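Student: I have a model open on my screen and would like to walk through it with you. Could we begin with the backbone and then move on to the rest?

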Amino acid sequence: MSHREAGERLLQDAGILAEKITEMQYRLQPDLMERFGPIGKIRTKQDSQYSLSYLAESVLVKSPSLFTHYISWLKVLLAGYQVSAEDLGLNLKLIKEALYEEFEEPHRTFLLEYLEMGIDVTKELETQTNFIHASMPYGLEAKAYLQYLLDNQRREAFDIIESELDAGASIRDIYRYIFQPVQYEIGRLWQQGQISVGQEHFCTAATQSFISRLYSRWMIGPNQGKKLVAACVGSEQHEVGLRMLTDVFEMEGWDTYYLGANVPNGSIVEAIKHHESDVVAISVTMTYHLHLARELIERIRDHAEIAHVKVMVGGYPFNIDKDLWRTVGADGYAPGADEAVAIAERMLISPVSLDNVSKVIE
């Protein structure tokens with residue numbers, strides 16, 4: 001409980017502490033204003049608050065890898081904006097001082113232990129891997145598809161998809177081997193500063209539109225009578241993965257209800273009731289939204305009418321920590337759409353314990 005209390009309090013205080021840390025850093029590094037101007041100070045506060053929020057969530061769920069992975073990612077991202085590892089290291093050192101001053105034991109120890117692991121990461125060399133390789137199934141097609149999108153050639157990009165489908169590729173192949181790795185690669189390119197936010201949004205919107213255009217090719221299968229409700233938590237905007245997952249369930253004959261992002265918990269609960277869902281799929285991309293997933297699951301469990309519904313989670317933080325789904329109270333986790341269908345089917349055949357679901361996943 002102490003870990004949870006420490007994480008919850010830090011989440012509440014993150015904004016105030018970020019302001020304090022930013023002021024301290026700009027007093028110690030007056031050259032920051034010359035290097036980045038007033039907007040740089042605003043971004044420093046935002047980044048400090050994100051770091052505090054990621055730290056809080058990591059402590060809350062007792063998963064240090066979530067924080068260290070974030071710091072590793074942040075180091076690469078900031079380098080693209082000419083923010084050095086030394087700048088980031090000082091920021092984390094100031095976070096350490098602020099936590100030491102503001103928190104009592106044992107909460108202080110929990111927070112500082114995880115923070116030190118993040119500080120160590122700033123001293124390591126970073127290696128970034130490309131998510132698209134020629135040796136992958138449809139690797140060359142995925143590479144060409146991505147390049148067309150980056151060149152604003154939507155028609156040519158979609159021509160690749162149609163050509164592969166005409167040649168015998170399945171929709172699920174397109175989702176798994178082209179759309180999914182391309183989305184990952186777009187995120188990597190943005191992180192490294194090689195593409196702009198506008199390009200990232202354009203590419204994602206194009207893929208979403210292509211997914212919609214493909215519906216007529218597969219929405220003809222028989223319905224099995226099994227029902228899925230799928231939603232992102234909080235203000236999540238990364239919903240392409242969840243949409244593809246929902247489509248794959250539909251291809252397998254499930255009756256699905258895709259809610260997407262920015263849906264209040266109360267509305268999700270009502271949707272589960274109204275559609276008499278068998279399984280709920282919850283997507284989390286941003287680690288600092290993990291507590292929202294747990295709150296949603298607790299709310300589902302508190303309703304007698306739907307407490308029996310199986311809850312499956314997925315997304316970035318669960319891919320980092322493979323046991324995290326247990327911590328948030330879910331019935332299972334899947335790294336991808338195909339695995340999700342298999343696990344959902346298994347859960348509905350007979351009562352399955354968390355340990356048994358884990359064995360299915362592994």
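Student: Where does Pro 106 lie?
Tutor: Pro 106 lies in the loop between α4 (85–102) and α5 (107–121), and please keep in mind throughout that this is a predicted model.

Student: What is the peptide bond from Glu 105 to Pro 106, cis or trans?
Tutor: The bond leading from Glu 105 into Pro 106 is cis, and its omega is near 5°. As background, most peptide bonds are trans, and most residues other than glycine have a negative phi.

Student: Is Tyr 138 buried, exposed or partly exposed, and what is its relative accessible area?
Tutor: Tyr 138 is partly exposed, with a relative accessible area of 23%. Asn 262 also counts as partly exposed, at 48% relative accessibility.

Student: Okay, new topic: what is the order of the strands in the open sheet?
Tutor: The open sheet has five strands in the order β2-β1-β3-β4-β5, and the pairing is parallel. β2 and β5 (332–333) stand at the edges with a single partner strand each, so one side of each of them has no neighbour in the sheet.

Student: How many bridges pair β1 with β2?
Tutor: Strand β1 (residues 227–232) pairs with β2 over five bridges, in the parallel sense, and within that pairing Ala 230 stands opposite Tyr 258 in β2. Five bridges also join β3 to β4, which likewise run parallel, and there the bridge partner of Val 280 is Val 311 in β4.

Student: And how many residues of β4 are buried?
Tutor: In strand β4 (residues 310–314), five of its five residues are buried, so the strand is mostly covered. Lys 310, Met 312 and Gly 314 point one way from β4, while Val 311 and Val 313 point the other way, and all of them are buried.

Student: Switching to rings, how many aromatic pairs does the structure hold?
Tutor: The structure holds 14 aromatic pairs. In one of them, the rings of Tyr 50 and Tyr 288 have their centres 5.5 Å apart and their planes at 25°, and the pair is therefore stacked. That pair links distant parts of the chain, 238 residues apart, with Tyr 50 in helix α2 (residues 31–60) and Tyr 288 in the loop between β3 (279–283) and α12 (290–301).

Student: What about burial, is Tyr 288 buried or exposed?
Tutor: Tyr 288 counts as buried, at 17% relative accessibility, whereas Tyr 50 is partly exposed, with a relative accessible area of 38%.

Student: Why is the pair of Phe 249 and Trp 254 edge-to-face?
Tutor: The planes of the Phe 249 and Trp 254 rings stand at 90° and their centres are 5.0 Å apart, so the pair is edge-to-face. Phe 249 counts as buried at 1% relative accessibility, and Trp 254 is buried too, with a relative accessible area of 0%.

Student: Which residues form one aromatic cluster?
Tutor: One aromatic cluster is formed by Tyr 50, Tyr 54, Tyr 70, Trp 73, Trp 190 and Tyr 288, which takes in both tyrosines of the stacked pair, Tyr 50 and Tyr 288.

Student: Which ring does the charged end of Arg 9 sit over?
Tutor: The charged end of Arg 9 sits over the ring of Phe 103, at 4.0 Å from its centre. Lys 41 lies over the face of Tyr 26, and there the distance to the ring centre is 5.6 Å.

Student: Last one: how much space lies in the second largest pocket, and which element gives the most to its lining?
Tutor: The second largest pocket holds about 200 Å³ of space, and α6 gives the most to its lining, with six residues. The elements that give two or more residues to that lining are α6 (139–150) and α8 (171–191). Among the lining residues are Asn 130, His 133, Lys 143 and Glu 185, and by class the lining has six nonpolar, four polar and two charged residues.

Key
Residues are numbered from 1 along each chain as its sequence is written. This is a predicted model: local features need pLDDT of at least 70, side-chain atom pairs count only at pLDDT 80 or more; totals for chains, interfaces and linings use all residues. Side-chain values use heavy atoms; hydrogens and water are left out. Rings of Phe, Tyr and Trp (its six-membered ring) pair if their centres lie within 6.5 Å; planes under 30 degrees apart count as stacked, over 60 as edge-to-face and the rest as tilted. Helices (H or I, at least four residues) and strands (E, at least two) are DSSP runs, numbered from the N terminus. Buried means under 20% relative accessible area, exposed over 50%, partly exposed in between (1.4 Å probe, protein chains only). A charge sits over a ring if NZ of Lys or CZ of Arg is within 6 Å of the ring centre and within 35 degrees of the ring normal. On a 1 Å grid over the protein atoms alone, a cavity is a set of points where a 1.4 Å probe fits but cannot get out, and a pocket is an open set with protein on both sides within 12 Å along at least five of seven lines; lining residues have an atom within 4 Å of a point. Grid points are joined across faces, edges and corners, and a volume is the space filled by probe spheres set on the points. Ala, Val, Leu, Ile, Met, Phe, Trp, Tyr, Cys and Pro count as nonpolar, Asp, Glu, Lys and Arg as charged, and the others, Gly among them, as polar. Two strands pair if DSSP finds at least two bridges between them.
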